[in-house]
Amino acid sequence: MATSSSALPLWIKLWFLVTIPIVIWDATFILFRPQSLPGGDFHHIWAPYATYIQIDKRYGDVNDGFVIAQSWVNLLEVVVALWGLFLASGKKTQLLIFASALMTFSKTLIYFLCEFVTGLEYTKESFVNDPKSFLLLFVLPSSFWLVIPFFISLSVGSSLTAAVPASGDGKQKKKN
């Protein structure tokens with residue numbers, strides 16, 4: 001669904017407008033630990049995470065550096081997306097939105113792959129003991145962060161590459 005102009009399709013704008021607050025909320029949950037965890041002074045802001053950290057224990061592990069780094073990348077994705085949506089124009093908007101979506105897709109894929117290659121280190125207990133919650137609270141919501149950014153990258157990337165002249169198109173610069 002590539003756009004022929006530099007304008008973004010409405011579905012892409014809506015995705016970012018809905019997800020930017022979620023991404024900020026998620027990243028700050030991690031960055032404010034242990035105060036954001038159950039029993040912490042700020043837990044009320046992130047109360048649903050009391051359930052989520054039972055499914056994905058990485059979110060409850062204050063010593064896990066990967067999830068902390070991922071949260072900083074989440075905030076970078078937000079800055080890039082906001083820049084693209086509100087401060088840039090034309091092809092710069094598309095490039096920034098493409099970059100943000102590709103970052104989201106790649107980071108989420110790495111998150112899943114890390115969990116897979118470590119034998120479900122942080123989610124195995126829920127996978128074995130409560131597969132329904134594992135699917136509904138971990139796999140399904142996380143899948144949106146793979147699928148939609150992937151299609152945003154395809155859509156915007158197609159538009160960006162359409163604007164780039166193909167090499168070998170028969171036009172060569174003449175040397176003087």
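This is a predicted model: local features need pLDDT of at least 70, side-chain atom pairs count only at pLDDT 80 or more; totals for chains, interfaces and linings use all residues.
Local features need pLDDT of at least 70 and side-chain atom pairs count only at pLDDT 80 or more, while totals for chains, interfaces and linings use all residues. Residues are numbered from 1 along each chain as its sequence is written, and side-chain values use heavy atoms, with hydrogens and water left out.

The largest pocket holds about 620 Å³ of space, a pocket being an open set of points on a 1 Å grid over the protein atoms alone, where a 1.4 Å probe fits and protein lies on both sides within 12 Å along at least five of seven lines. Of the 26 residues that line this pocket, the closest to its centre are Asp-26, Tyr-52, Tyr-59, Ser-142 and Trp-145, where lining residues have an atom within 4 Å of a point. Two or more lining residues come from each of helix H1 (10-31), helix H2 (49-55), helix H3 (65-87), helix H4 (91-117) and helix H6 (131-162), and H1 gives the largest share, seven residues; helices are DSSP runs (H or I, at least four residues), numbered from the N terminus.

Phe-150, found in helix H6, counts as partly exposed because its relative accessibility is 36%, which lies between buried (under 20% relative accessible area) and exposed (over 50%), with a 1.4 Å probe and protein chains only.

Cys-114 belongs to helix H4 and is partly exposed, with a relative accessible area of 25%.

Conventions:
Grid points are joined across faces, edges and corners, and a volume is the space filled by probe spheres set on the points.
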